[in-house]
Amino acid sequence: APGAARSQPPRAALPHGRRHRGRPKAPRIPGSPVGENIRVVAELASFNDVDAALLRFLLTMAGNRELRQLARWYDKTDHGAMVEALATVTALPLDDVARAFALDGPLLTSGLVLLRDDAEDLTERLAVKPGLLEMVRTPGLDRARLLARFLSEAKPASLIAEDFEHLSGPR
């Protein structure tokens, strides 16, 4: 009937919730300081663009309740299905995501992303290192602050040059 209110379809539970002419818009890369801080972390870990994008997605998921709820619907926790799901939601090439999440791949060997085999859903299977989300939210994050937060300083060496005299050459 003319003048009757049109019902709108329910909006997807997307973390960004932005729409343009009825279509979802792509999420923006987080702005300062978060986007810059993720760049600092990725650079320090020698991540390539795919690794950095995956870390950004995992940090976004960790900090966004709606996205975590959406990811909980995905209950397949075998490694291959997890890689396929992440490639799909990030629109990254499957082979690149598989390489990034290989057991000897950069995300897991860096220690910044943790993988639990006994998890029931994607949000429990993959997690960012405790404290990393809070760290990337900190204004002015730099290499020194990041290293100070996640690496403990070694005690001074107790050995001195005299401890190695026997290695100086033939007697």
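**Salt bridges and helix packing**

Arg 39 and Glu 36 are both found in helix 1 (residues 34-44), 3 residues apart, or about one turn of the helix. Helices (H or I, at least four residues) and strands (E, at least two) are taken here as DSSP runs, numbered from the N terminus. The model is predicted, and local features need pLDDT of at least 70, side-chain atom pairs count only at pLDDT 80 or more, while totals for chains, interfaces and linings use all residues. Residues are numbered from 1 along each chain as its sequence is written, and side-chain values use heavy atoms, with hydrogens and water left out.

The side chains of Arg 39 and Glu 36 form a salt bridge, with a distance of 2.4 Å from N to O. The term denotes a side-chain nitrogen of Lys or Arg within 4 Å of a carboxyl oxygen of Asp or Glu. Arg 39 is partly exposed at a relative accessible area of 38%, and Glu 36 is partly exposed at 37%. In this scheme buried means under 20% relative accessible area, exposed means over 50%, and partly exposed lies in between (1.4 Å probe, protein chains only). Glu 43 joins Glu 36 and Arg 39 in a network of salt bridges.

The structure holds 4 salt bridges. One of them brings together the side chains of Arg 99 and Asp 51, at 3.2 Å from N to O. This pair links distant parts of the chain, since Arg 99 belongs to helix 5 (residues 94-100) and Asp 51 to helix 2 (residues 49-62), 48 residues apart. Another salt bridge joins Arg 65 to Glu 66, with the closest N and O atoms 3.4 Å apart. Here Arg 65 is partly exposed, with a relative accessible area of 49%, and Glu 66 is also partly exposed, at 31%.

Helix 2 also packs against helix 3 (residues 65-72), at an angle of about 105 degrees and with the axes 6 Å apart. Helix 2 is therefore roughly perpendicular to helix 3. Axes are lines fitted to C-alpha atoms, for helices over the stretch in contact, and angles run from 0 to 180 degrees between N-to-C directions. Angles under 35 degrees count as roughly parallel, over 145 as roughly antiparallel, 65 to 115 as roughly perpendicular, and the rest as oblique. On the helix 2 side, Phe 57, Thr 60, Met 61 and Ala 62 meet Leu 67, Arg 68 and Ala 71 of helix 3. The residues of this contact comprise 5 nonpolar, 1 polar and 1 charged. Ala, Val, Leu, Ile, Met, Phe, Trp, Tyr, Cys and Pro count as nonpolar, Asp, Glu, Lys and Arg as charged, and the others, Gly among them, as polar.

Helix 1 also contains Ala 42, which is buried with a relative accessible area of 5%. Apart from neighbours within four places in sequence, Ala 42 is in contact with Phe 47 and Ala 52, where contact means heavy atoms within 4.5 Å.

Turning to the whole protein, there are 9 helices and 4 strands. Buried residues account for 29% of the 171 residues. Of the contacts with a separation of 6 or more, 53% involve residues 24 or more positions apart.
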